[in-house]
Amino acid sequence: VPAPTRIDADVAVIGAGGAGLYTALAAAEHGATVALISATPLAQTASYWAQGGIAAALAHDDSPQEHLRDTEQAGRGLTRHSAAQTLVTEAPEAVRHLERLGVHFDADRHGNLALGLEGGHSKRRVVHAGGSATGRRVVRELSARAVETDSITVIEAKATDLWCHEHKVVGVLVETGRAVRSRATVITAGGAAALWSRTTNPPGSTGAGMVLAHRAGAELADLEFLQFHPTAVTGIPRREGFLVTEAIRGEGATLHGPDGERFVEELKPRDEVALAIHAKLKETGATHVGLDMRRIDPGLFPNVVKALSDSGLDPAKELIPVAPAAHYMMGGIVTDLHGRSTIPGLYAVGESACTGLHGANRLASNSLSECFVFGARAARAALDEPPPAPTAEPPPPDPVEPPGEQTKDAMWRHAGLERSQEGLEELAHDPHPLARLVAACALARRESRGAHRRRDFPDCDPGLDGYHAVVGGNATPEFRAWT
Ligand SMILES: Cc1cc2nc3c(=O)[nH]c(=O)nc-3n(C[C@H](O)[C@H](O)[C@H](O)COP(=O)(O)OP(=O)(O)OC[C@H]3O[C@@H](n4cnc5c(N)ncnc54)[C@H](O)[C@@H]3O)c2cc1C
């Protein structure tokens with residue numbers, strides 16, 4: 001095997017969703033040279049698929065403190081206060097920065113930013129672009145900027161391994177026989193919800209970044225907390241798992257059981273709504289509940305309405321069949337408030353990272369804000385890293401095997417909306433490393449909290465308030481409190 005061709009950059013960024021693009025641009029703004037590595041085309045990122053928007057306390061009657069209260073309430077006693085405080089304080093400036101970068105957010109008829117309402121938010125605070133096309137608009141604008149920026153080199157290939165030297169990450173190995181050597185390497189490779197068979201996520205979101213980081217010795221945490229989105233389309237060919245944004249419920253859409261009756265307050269936080277639907281499906285044997293959006297102005301959510309119409313559903317006339325699906329990984333690579341992982345030289349931002357901000361249940365639309373707030377912070381911190389010492393040639397890569405269908409089915413069966421000791425013990429022997437780590441964390445957390453529901457431990461254990469299940473090299477979770 002020929003030695004990889006070496007590229008030198010100040011910062012290597014793995015993944016070009018919202019977190020990767022923004023981190024790369026922020027680092028370049030501070031004068032860094034950046035290698036931006038992306039395995040998939042833009043349309044295959046969760047960021048591109050984001051519909052609802054970006055949460056920030058921008059309304060006159062809102063404040064970061066109220067945003068913080070809602071975030072902590074949704075997080076079910078597990079939100080890391082310092083991370084949530086950072087997010088709510090810095091999210092408004094991130095939105096303004098995106099506007100300066102050329103993103104046009106929707107405005108009301110007075111020319112002010114139009115703010116949407118989503119579950120768990122006590123105020124309207126979600127900015128959006130093109131109605132439910134927010135992710136697409138933001139990613140397009142940021143990627144156009146990245147391509148135009150001379151100091152950013154875009155490498156369209158998969159990162160296969162981290163390049164480690166003397167217990168430090170000094171770069172990354174790339175599929176096409178290239179290796180990037182950098183002062184800081186930032187994992188922005190997205191989440192892991194596509195490790196579950198029924199998902200709203202693009203197929204690449206299987207936690208590859210988390211596996212790479214763990215193999216290199218970084219700690220992961222909170223892997224038992226995978227958010228199930230309540231309203232993903234089901235039973236419609238080629239649209240399985242298509243997400244119908246919560247913002248539609250924010251505008252008044254309602255959920256109905258097979259008897260046509262409402263059974264849940266639609267704007268409760270996601271864990272509650274998803275579990276209420278799950279219980280209704282179990283009780284009635286139905287495969288879906290109905291989402292009634294007949295009174296919603298279709299002009300507000302054009303791409304959702306178009307996708308449904310293309311599948312032969314008429315949201316103006318009929319109820320949409322929906323059921324929960326795996327949606328968002330709250331856990332990930334443990335980082336501090338500047339994106340630093342637990343090993344030198346390695347950073348993580350976005351859904352790959354776990355700042356503790358989302359606790360046991362993410363508040364809707366806090367994740368895009370997280371990509372930008374913590375992307376900016378990581379970019380600044382990365383530039384303080386010393387240049388890597390001259391090292392030997394990069395090692396041969398040892399690629400991460402993607403999960404097979406059996407793993408995905410096992411994740412849905414054993415680490416789904418309700419879990420049990422027996423199921424999780426079976427999952428603990430799965431061939432995929434991340435599936436085993438999820439099982440280990442879910443087995444260790446002998447309680448029910450937020451998105452993690454144990455049939456055998458149905459109550460929340462107040463003794464675990466604020467305690468995160470952290471897995472390091474020996475893969476045995478340890479509960480730690482974070483400040
Ligand atoms: C349908 C849907 C709707 C959503 N709506 C919202 C919303 O309205 N508001 C909100 O806040 N959040 C929303 N979310 C969640 C949010 O979109 C994600 O949490 C966020 O976009 C994650 O961004 P990211 O940059 O971390 O990851 P992603 O956007 O998923 O990007 C990951 C990138 O990493 C790349 N990658 C992965 N592995 C490798 C590798 N080995 N080598 C190189 N590159 C790699 C991928 O190709 C991709 O470019 C939604 C999610 C989905 C699925």
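Me: Why does Asp 465 count as partly exposed?

Reply: Its relative accessibility is 40%. Buried means under 20% relative accessible area, exposed over 50%, and partly exposed in between (1.4 Å probe, protein chains only), so Asp 465 at 40% counts as partly exposed. This is a predicted model, in which local features need pLDDT of at least 70, side-chain atom pairs count only at pLDDT 80 or more, and totals for chains, interfaces and linings use all residues. Residues are numbered from 1 along each chain as its sequence is written, and side-chain values use heavy atoms, with hydrogens and water left out.

Me: What makes the contact of Asp 465 and Arg 449 a salt bridge?

Reply: A salt bridge is a side-chain nitrogen of Lys or Arg within 4 Å of a carboxyl oxygen of Asp or Glu. For Asp 465 and Arg 449 the N to O distance is 2.9 Å, so the pair meets the definition. Both residues lie in the loop between helix H13 (433–444) and strand S18 (467–471), 16 residues apart in sequence. Helices (H or I, at least four residues) and strands (E, at least two) are DSSP runs, numbered from the N terminus.

Me: Why does Arg 449 count as buried?

Reply: Its relative accessibility is 2%, so Arg 449 counts as buried. Salt bridges that share partners join Arg 449 and Asp 465 with Glu 224, Arg 445 and Glu 447 in one network.

Me: What separates Lys 408 and Glu 405 along helix H11?

Reply: They are 3 residues apart in H11 (residues 405–414), about one helical turn.
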